[in-house]
Amino acid sequence: MRLLRSTDLALRVLMRLAVAGDTSPTTRDVAAAMDVPYTHAAKVVAELQHMGLLTARRGRGGGLSLTEKGRAASVGGLVRAFEGEGDVVDCDGAASTAPCPLRSDCRLRGALRRAQEAFYASLDPLTVTDLTADPTGPLLLGIPGVR
């Protein structure tokens, strides 16, 4: 299963903040360290803030920090939230495509749905804190612009 770019970035932002220590990087700092456009990082940060996983303070001395809820967040839950509840394949057809003629009796759709759920279930026990355990935490700190 391939993750959306925003899902990948959300996980990396949370991991980055988990190792921030006493520092409070800005959205611009995180975007630069992750080598992503600021506007994309800002959208992801806004969604994570809305979910209560991080706090963002504006102005002098401001920045981002991970909440306890963010540290304990299930990776599977985060991926579900960013990916949405849709199927891996669009059997019903989007506005620009016709529905698949096999959709009523196709076994592939069910198999893919089970595989998708198994993927999420394998991520459910992992937390953001788990993702930053050694050796990843020290590696994150070694990224230029991450301190």
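Begin with the secondary structure of the protein chain: 8 helices and 2 strands are present in this predicted model. Colour the chain by element and follow it along the sequence, where the order reads α-α-α-β-β-α-α-α-α-α. Among contacts between residues at least 6 apart in sequence, 68% join residues at least 24 apart.

Next, display the surface. The protein chain exposes about 8,800 Å², of which carbon and sulfur atoms supply 56%. Buried residues account for 35% of the 147 residues.

Now hide the surface and turn to the interior. In soluble globular proteins, nonpolar side chains tend to be buried together. Select L9, V13, L14, L48, L54, L78 and V128: within the largest nonpolar core, which has 27 residues, these touch the most other members. Two or more residues of this core come from each of α1 (5-18), α2 (27-34), α3 (38-50), β2 (63-66), α5 (75-83) and α6 (107-123). The largest contribution, 7 residues, is made by α1.

Centre the view on V13. Apart from neighbours within four places in sequence, V13 is in contact with V30, M34, V45, L48 and L54.

Finally, select F119 and Y120. The structure holds 1 aromatic pair. The ring centres of F119 and Y120 are 5.8 Å apart and the planes meet at 50 degrees, so this pair is tilted. Are these two residues buried or exposed? F119 is partly exposed, at 25% relative accessible area, while Y120 counts as buried, at 4% relative accessibility.

Notes: Residues are numbered from 1 along each chain as its sequence is written. This is a predicted model: local features need pLDDT of at least 70, side-chain atom pairs count only at pLDDT 80 or more; totals for chains, interfaces and linings use all residues. Side-chain values use heavy atoms; hydrogens and water are left out. Rings of Phe, Tyr and Trp (its six-membered ring) pair if their centres lie within 6.5 Å; planes under 30 degrees apart count as stacked, over 60 as edge-to-face and the rest as tilted. Buried means under 20% relative accessible area, exposed over 50%, partly exposed in between (1.4 Å probe, protein chains only). A nonpolar core is a set of buried Ala, Val, Leu, Ile, Met, Phe, Trp, Tyr and Cys residues joined through side-chain atoms within 4.5 Å. Helices (H or I, at least four residues) and strands (E, at least two) are DSSP runs, numbered from the N terminus. Contact means heavy atoms within 4.5 Å. Accessible areas come from the Shrake-Rupley method with a 1.4 Å probe; for residues, only the protein chains shown count as cover.
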